[in-house]
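My notes are below, in the order I looked.

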Amino acid sequence: MKNSNVKHRLSRLLGGLCGAVMIVGLSGCTDDLLEGTPEWLGTSIYEELETRGDYTTTLALINSSPVASDNYRQILSLTGSKTLFVADDAAWQRFFEKNKTLSEVNPWHTITSVESFNAPGNELKVRRLFKGMMLNNAYVLDLLGNLSTDPSAVNNDASADACMRRTTSISNLDMRGEITSENFPPEKLDNASGVKDIDWWIEVRDKDAITTMPAVLNGKNNTKPASASYLYTSNGNADLATMVHFSPSFAVSKGFTSEDVSILSGGNANSTSQTVVNGVAVDPDNSNITCQNGYIHKLVEVPYPVSNMMEKLSYEPNYSIFYKQLQRFSYPYRNAVQMKNIGSEDSVYTIRYMNSGDYAKHCALTANYDNDKTATSYLPYDPAWNQYYLNAESYEYAMDAALMLVPNDQQMTSFLTNEGIDLTNKYAAGKTPSWDLYPDAIVAELMQNCMIPNFLSYLPSNVDKIKDTSQSQIKGLDASKIGDCFVCGNGVIYGLTMNIVPPSYKDVTSTMLLNKEKDLDESRDEGFSVFYSFIQKDKDIPGASAGYASYLSSFDGTSYVLFCPYDKAMRKVIDPSSLTRTGGSGSETGPVLYDYKYDGDKYLPYAVPERYIYDATTGIATPTGEVFARMSNYDVFAKQSDYSSWYKSNAYKLLKYIIENGICPVEDVAPNESPLVPAYTYYKTKSGSAIKVDWAGGSNIANAGYAGGHQTRFNRFVKSPSAAVKANGVSLPVAEVLLPSTISPYKLIQAEFPDFFSVLNSGTSQSKYLAQNDGNTAHKILDATDFALSMLRPYNYTIYIPTKAAMDSKVNRYELTRRSWYDAIGPTDDVIKTNFSGISNYPDDLKELKDLRDSIKQTIENFIAYHVQDNGIYVGQKEIEGVFETSLVNLETNQFYGLHVEEDPSSKTLEVYPKGDTSQKVEVDIEKCNLMATQNFYIESTGNSSSEKLGLGQIYSSSYVVLHQIKDNKDFSLPAEINPWDQSKYERLKELFDKYGVTLPDPVQN
């Protein structure tokens, strides 16, 4: 008997003499080259099956009327290049008996005997049953996993052991089908919230049935074509059905375990040494049967021809709920190309699925091209695409497939009254709980977590490594939760005995998800259309990547306080640049507010700026009625490299500014507990600013008041009417955007701490620490009377302010309040020489004066830098203790000096002292602390008459600062090693001034 032993001889012999035979076919290898036909080389494939005697059912299949019409008996009897996978008669009998137990929904329930091959209605099934097990090239099992068809590439690392899918002999005509109206996806139900999603099937609902065929793909369907007929092109690759195979070398190279093989084959195989085809093991003793026109490989069972994932789910009774939810995203595309190909005068449809595939080969579909409707929610990829590509740029379809996690019906039903109770209460109130009542947007969140783009990365043995949309591992998921496994032509389905709960169902964004109504009625302002779309844009907007959705869906031990502005709050968003400008190129001054609305066609927010009369103490904004060129429908999700619209970029940056100053991450909070507790009144935001909480209404977070730095300055707090504790924090809807402080550190110090300001603003420090840009003249302060503290970077800081008495009381602080000493000496050598013009014979004295001058300047600069600390720390925030760097550098070590800061639990204030020196401990004065400021650099509006008229600037970078006065007229001294100014230097300076007749101001007087 000719068995698998020939494969070793064949590999050695044909690999050197006629390698093309192994991959392209045996017809290229002539008898004279082989010096006669070897005894192990069989006859034709058809004759070999006849000779063996136990393949009568397979022969009957070949001779059945559906298959015989294409002359496959003759094709398999002549020279050619085919690979045929077959089962013996005993396996066929088991197959027939199994089919008799199938439900009528399963298409294979009618294939129950040899006679059924010729029964009416079975034609396409029989053709697929045969042709789905035949490849149009010749392959020995050892080479089945090789990607390339070039014999010279067999040992190429890029192609060897890289293939797991091949197109079979099934044609598009074999996959022609019909869907009757009773099997159309049902119309979407009206839920309790009134959401009504798009019915993509409305254009065919008047038909009794529609004819369907697979697509013909051109792989370039990311954008809307000029007309619908160009969506698919006749010169593209047909979307043919594929066979899935795992050869031993492929399995080993991809890290398969024996358990993986067993699960993927449904127990038909249990070792990586076995070859598995369409979920069925190859009989090792009857493989590589070599014929003159190809190879025969015997399978231990009859496999069903693989279908795509959607077709498979359509007849698996235990997964009907999930299948039905996928169907809501389906769209019957009228396929003119296929109509032309088959010469049909009736409409032919390709069933596609609304999806946002990232790559060209994904053929993303996000709109109904006939009616120009844009999808509001969609899937990660098209689960019915037979030749699914993972990544068109680096993969062929053969190298991987998709993966789908599908909870069974029992789990999906349980979800409605357990994990999904909030959703059910919202959308099924007063009705029988059902997934059908959830809106598309809700269901799409589930699909985003259940549809994985790459199967090979998550074999059953490492399914526990799958991450959800928050990039966290899915808790509880491992191989034991895979109840069923279906290997399909475009992917693998793991049927789960557990639910997948999307992070967005339970995280702090879920409040907005439950109220994400896309109703454009301006009178309805309680939704979150604008704000939620911005947070979710990395999922909802193809190609965008803000990352906020993943960040807020994290369950890694960090909890979040999320302030969620209602749509009405987004109608009047202050542009901070308009509150600070007093000069510059902008011709107009005065508050400008952005009116963010929702575009009903694009399903994206846009913004229009208007000038208002704004009362910061009350938060009331009144339109001025001023008429100027208005912008409309500016998409705020434009690429940031595109500055063709100045307003578009500004609107985007302002939204980022709002969200990052409205998220407060808090460490060490138990799941499902609120990070907001009455013990703390300040919470730092993601950006580094702070939110103040007023607990006057009691310990209930719904009774508290909330203020950003801007509102805090005017002692104005915003209530949250429906604060809700979620699994990873608390979400707080608000009717006003909480903004950081709109006053700069320079202006705040000038207003609140004039004595410290006199030091900061002295001639000694201006040149080093004060500027009106960040070193790039394009990034500037818009107020001509304001200055930036140049030691501040886009981060957050604390500035400690000593009192005037503290500065006056120490000898080594004389120079801080006696800037006239510096002024008398002069900032440059030229000024020194001018003051002492008649004394040309005293160069040493002049040098000493210059050194004393520089020492004064350096000490003042050191004093300022030593009181500016990295990290904004607030009195009343969650406990904190640690050493934080100041802005003062130790020139010997090139490291920043540090201050130790910790909260005093008894006095509820901060204790501060130089690192390692508790003798200099000081306390923050709780009567004058937590004063917030923001230092913004802007890109000024240029080249646009409308933007010039508004006088706006785009936020380029922000630094957030909190100021605390030091209590009890105390302060900490500069480190001794930096040689601060002292009494002896004062005495020498006075001596020199007296010598040359210059009066030195008394150190005790101003």
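**Entry 1. Ground rules and confidence**

I am working with a predicted model, in which local features need pLDDT of at least 70, side-chain atom pairs count only at pLDDT 80 or more, and totals for chains, interfaces and linings use all residues. Residues are numbered from 1 along each chain as its sequence is written, and side-chain values use heavy atoms, with hydrogens and water left out.

I looked up pLDDT, the predictor's confidence in each residue, from 0 to 100. The chain average is 82. I find that 78% of the residues score at least 70. Residues 150-157 stay under 50. The model still gives that stretch ten contacts beyond four places in sequence; a contact means heavy atoms within 4.5 Å. Residues 540-544 are also below 50, with nine contacts beyond near neighbours in sequence.

**Entry 2. A sheet**

I took the DSSP runs as elements: helices are H or I of at least four residues, strands are E of at least two, and both are numbered from the N terminus. Two strands pair if DSSP finds at least two bridges between them.

I traced an open sheet of four strands in the order β3-β8-β9-β10, with antiparallel pairing. Which strands stand at the edges? They are β3 (165-167) and β10 (280-281). Each has a single partner strand, so one side of each lacks a neighbour in the sheet. I then followed β3 to strand β8 (residues 242-246), where the two pair in the antiparallel sense over three bridges. R166 has M243 in β8 as its bridge partner.

**Entry 3. The cores**

I used this rule: a nonpolar core is a set of buried Ala, Val, Leu, Ile, Met, Phe, Trp, Tyr and Cys residues joined through side-chain atoms within 4.5 Å. Buried means under 20% relative accessible area, exposed over 50%, and partly exposed in between (1.4 Å probe, protein chains only).

The largest core has 136 residues. F322, M404, L405, W435, F455, Y494 and Y596 touch the most other members. Helix α22 (residues 646-660) gives the most to this core, with seven residues. A second, separate core has 48 residues, including I743, L770, L852 and L963.

I went back to W435. Leaving aside neighbours within four places in sequence, W435 is in contact with I321, Q325, R328, M412, F415, L416, V443, L446 and Y505.

**Entry 4. A loop residue**

I checked L437, in the loop between α15 (421-427) and α16 (440-450). Is L437 buried or exposed? L437 is buried, at a relative accessible area of 4%. The C-alpha atom of L437 is 7.7 Å from that of K188, 249 residues apart along the chain. Not counting residues up to four places away in sequence, L437 touches L189, D190, N191, Y427, A428, K431 and T432.

**Entry 5. Salt bridges**

My criterion was a side-chain nitrogen of Lys or Arg within 4 Å of a carboxyl oxygen of Asp or Glu. I count 28 salt bridges by this rule.

I looked at E301 and R94, whose closest N and O atoms are 3.1 Å apart. E301 lies in the loop between β12 (294-298) and α11 (309-314), and R94 in helix α7 (residues 89-99), so the pair ties together parts 207 residues apart in sequence. E301 is partly exposed at 25%. R94 is partly exposed at 43%.

E660 pairs with K686 at 3.8 Å between the closest N and O atoms. E660 is in helix α22, and K686 is in the loop between β27 (682-684) and β28 (690-694). E660 is partly exposed at 22%, and K686 is partly exposed at 34%.

E911 and K921 meet at 3.6 Å, N to O. E911 sits in strand β40 (residues 909-914), and K921 in the loop between β40 and β41 (922-923). E911 counts as buried at 13%, whereas K921 is partly exposed at 34%.

I also noted a network of salt bridges linking D70, R127, K131 and D174.

**Entry 6. Cysteines**

How many disulfides does the structure hold? I find zero, taking a disulfide as a pair of cysteine sulfur atoms within 2.5 Å. C163 is buried at 1% relative accessibility. C564 is buried too, at 0%.
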